[in-house]
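The report that follows describes the fold, the surface and a few side-chain contacts of the protein shown here. Please read it alongside the sequence and the coordinates.

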Amino acid sequence: MQRISRGYAAALTATIIWSGNFVVARAVADMIPPWQCNFWRWLVALAALLPFAWKHLAADLSLIRAHLRYLTLQAILGVTLMNTLIYKAGQTTESLNMALLVPTAPIVILLLSRILYGEAIPPRRLLGVLLVLAGVVILVSRGDWERLAALRLNSGDFWALGGAFCFGLYSLFMRRRPTGISAFGFNAALFALGLLCALPFTLAEAVLLPRPQFGMPVVVSVLYTGVGCSFLSFWLWTLAIDRIGPVRAGIVYYSLPVFAAAASVAVLGEAVAGAQLVGGALVIGGIMAATLHAPGRNR
């Protein structure tokens with residue numbers, strides 16, 4: 001029970017930190033291109049991780065070499081592509097579309113777990129997912145159904161869906177993580193391999209596009225996303241997957257719009273509507289319905 005509780009706590013903490021990434025993305029969207037923003041983010045994350053991971057790498061090196069294909073795939077999904085696609089989407093799509101599309105990652109996890117592993121979807125979990133989806137829709141639309149009905153998909157929406165799909169696959173494949181590799185060694189390998197795979201695209205973008213505006217907003221944003229959203233949150237997410245599995249961790253991820261709204265109020269001074277409070281309550285209630293066990297079950 002203590003192991004499960006810590007797994008939920010790790011997933012929730014990672015989600016809270018990740019929610020600040022949307023505030024950051026809005027603040028620097030016109031200051032730095034997506035590939036470079038993503039590259040600097042993960043370079044900072046690797047620099048922050050190495051002092052903790054260094055002593056583990058010697059013991060993990062043989063297993064890292066033995067599982068290089070798996071690690072490279074996870075690095076491409078979680079480091080090279082996921083946030084690059086989201087940063088790219090932020091340049092061409094509305095924030096309402098982004099908030100609706102990004103939380104679809106747990107749906108990918110749930111459905112692929114059923115298709116690939118035959119994992120059942122109990123009625124209570126399905127009900128919880130439906131409640132969460134209803135809460136997300138109310139939260140991001142502020143109860144304005146005409147605004148919601150007027151949405152139109154554009155290229156940015158497909159980039160956002162691509163990022164959500166990458167995160168879903170990343171979380172799903174985490175159940176295959178080699179048990180002998182420490183969490184620090186595992187993430188250090190992912191960060192390094194992901195940066196290596198992103199390097200050609202980052203260099204091409206640097207040559208073809210104008211130089212980024214490396215002022216204080218960009219520097220602070222890169223440090224926050226590198227240390228918080230990448231180093232700390234990915235380590236927490238790895239622990240969460242180990243303890244509660246990708247489906248339950250993915251359902252906790254549904255709470256991200258609630259914390260993103262709170263961050264917008266605290267940082268940007270945006271007002272909170274009554275519809276957002278209702279939506280947030282549905283999100284939290286849906287997560288509880290889908291994840292909490294009745295006494296005496298699965299003890």
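Read along the sequence, the protein follows the pattern α-α-α-α-α-α-α-α-α-α-α-α, with 12 helices and 0 strands, where helices (H or I, at least four residues) and strands (E, at least two) are DSSP runs numbered from the N terminus. This is a predicted model, in which local features need pLDDT of at least 70 and side-chain atom pairs count only at pLDDT 80 or more, while totals for chains, interfaces and linings use all residues. Residues are numbered from 1 along each chain as its sequence is written, and side-chain values use heavy atoms, with hydrogens and water left out.

Of the 299 residues in the protein, 51% are buried; buried means under 20% relative accessible area, exposed over 50%, and partly exposed in between (1.4 Å probe, protein chains only). Among contacts (heavy atoms within 4.5 Å) between residues at least 6 apart in sequence, 91% join residues at least 24 apart.

A search of the whole structure finds 1 salt bridge, defined as a side-chain nitrogen of Lys or Arg within 4 Å of a carboxyl oxygen of Asp or Glu. Aspartate 242 and arginine 177 form this salt bridge, their closest N and O atoms being 2.5 Å apart. Because aspartate 242 lies in helix α10 and arginine 177 in the loop between α8 (155-173) and α9 (183-208), the pair ties together parts that are 65 residues apart in sequence. Arginine 177 also lies over the face of phenylalanine 186, at 5.1 Å from the ring centre; for this, CZ of Arg or NZ of Lys must be within 6 Å of the ring centre and within 35 degrees of the ring normal.

The count of aromatic pairs comes to 14, with rings of Phe, Tyr and Trp (its six-membered ring) pairing if their centres lie within 6.5 Å, and planes under 30 degrees apart counting as stacked, over 60 as edge-to-face and the rest as tilted. Tryptophan 40 and phenylalanine 214 form an edge-to-face pair, at 6.1 Å centre to centre and 85 degrees between the planes. This pair links tryptophan 40 in helix α2 (residues 34-66) with phenylalanine 214 in the loop between α9 and α10, 174 residues apart. Elsewhere, ring pairs link Trp18, Trp42, Phe167, Tyr170, Phe191, Phe234 and Trp237 into a cluster.

The accessibility of residues discussed here is listed below.

| Residue | Relative accessible area | Class |
|---|---|---|
| Arginine 177 | 12% | buried |
| Aspartate 242 | 29% | partly exposed |
| Tryptophan 40 | 35% | partly exposed |
| Phenylalanine 214 | 47% | partly exposed |
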